Amino acid sequence: MNDTQTPFIRIGTPQRGGIIAVADHAGDAVPDEIELGIPAELMEQHIAVDIGTAGIAERLARKHGIAAQIAQVSRLVIDLHRNEGDDALVVTSSDGHTIPGNIGADIERRTALYHRPYHEAFAQMVAEAQPSLILAIHSFTPVMGSTGEQRPWHVGLLYNQDDSAARIAIDAFGAMGFTVGDNEPYSGKQLNATMDRHAEANGIAYLTIEVRQDLVARKSHQAVWADRIAQVAQEVLAALASRTAE
């Protein structure tokens, strides 16, 4: 990847008033001008990419008509799920690993090249589509690397002020037989940057969905989870519409 390439790809054409998706941590690309200085194998782990999310988002777009903006640049280059000025926008260490190439990094340059274009493009997508629901797709590790704590949930939901869609989705995933609830240890009350900006600020319902990575490591599993997420999204839309009609 070089610094002239877009930090994201767009798949599908948004259906006005429908559902769109975004995957902030789906990419593992590092621009040619940046040398992170870490072992290559770390680029395949959670500190660099949300495993499985690119495949889920692509399936949502290609099979279910849910247009998706999918990040290409790694979260270690710049975290697209943070606000400008956030201390964790460009991290110098992650999960116990030092990121030498980020020490003294030109954060403003990275913001201008990758973060701003990403969010400006998604803002335009939202404005043009006027969606009824936005899906934000993430994944989490089965074990907390910092503590060794097992994470038994299959799927978690994050939200900040507006939990209307999340509560319906929690019930829907639970009805499918999954262990589901509010995401832990990270709550949308503390970290909900993309949906705060593009959903809550515009009064749009949203689901920030975290799926456990061992459940979506394979392409076949990503396809199945995309189907499940699409089904839950439709259930959420129907339930919200029913409430509005009452």
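Here are some questions and answers about this chain.

Author: Before we start, this is a predicted model, where local features need pLDDT of at least 70, side-chain atom pairs count only at pLDDT 80 or more, and totals for chains, interfaces and linings use all residues. Residues are numbered from 1 along each chain as its sequence is written, and side-chain values use heavy atoms, with hydrogens and water left out.

Reader: What percentage of the contacts with a separation of 6 or more joins residues 24 or more positions apart?

Author: A contact means heavy atoms within 4.5 Å. Take the contacts in the chain with a separation of 6 or more: the share from residues 24 or more positions apart is 80%.

Reader: Why does the span of helix 3 agree with what it should be?

Author: The expected span is 1.5 Å times one less than the number of residues in the helix. Helix 3 (residues 164–175) has twelve residues, so it should span 16 Å, and this agrees with its end C-alpha atoms being apart by 17 Å.

Reader: Is D171 buried or exposed?

Author: Buried means under 20% relative accessible area, exposed over 50%, and partly exposed in between (1.4 Å probe, protein chains only). D171 is found in helix 3, where the buried residues include A169, I170 and A172. With D171 at 56% relative accessibility, it therefore counts as exposed.

Reader: Which residue just after helix 3 takes a positive phi?

Author: Look just past the end of helix 3 for a phi of about 100 degrees. The residue there is G177.

Reader: Which residue follows helix 1 with a positive phi?

Author: Helix 1 (residues 53–64) has twelve residues and should span 16 Å; its end C-alpha atoms are 15 Å apart, which agrees. Its buried residues are T53, G55, I56, A57, L60 and A61. After helix 1 comes a residue with phi near 70 degrees, and that is G65.

Reader: What is the phi of D95?

Author: Most residues other than glycine have a negative phi. D95 sits in the loop between strand 4 (93–94) and strand 5 (97–98), and it is partly exposed at 46% relative accessible area. Its phi is positive though it is not a glycine, near 50 degrees.

Reader: And what is the phi of Q130?

Author: Q130 lies in the loop between helix 2 (107–129) and strand 6 (133–140). At 45% relative accessibility, Q130 is partly exposed. Its phi is also a positive value in a residue other than glycine, near 45 degrees.

Reader: Last one: is N160 buried or exposed?

Author: N160 lies in the loop between strand 7 (155–158) and helix 3. Its relative accessible area is 12%, so N160 is buried.

Technical notes
Helices (H or I, at least four residues) and strands (E, at least two) are DSSP runs, numbered from the N terminus.
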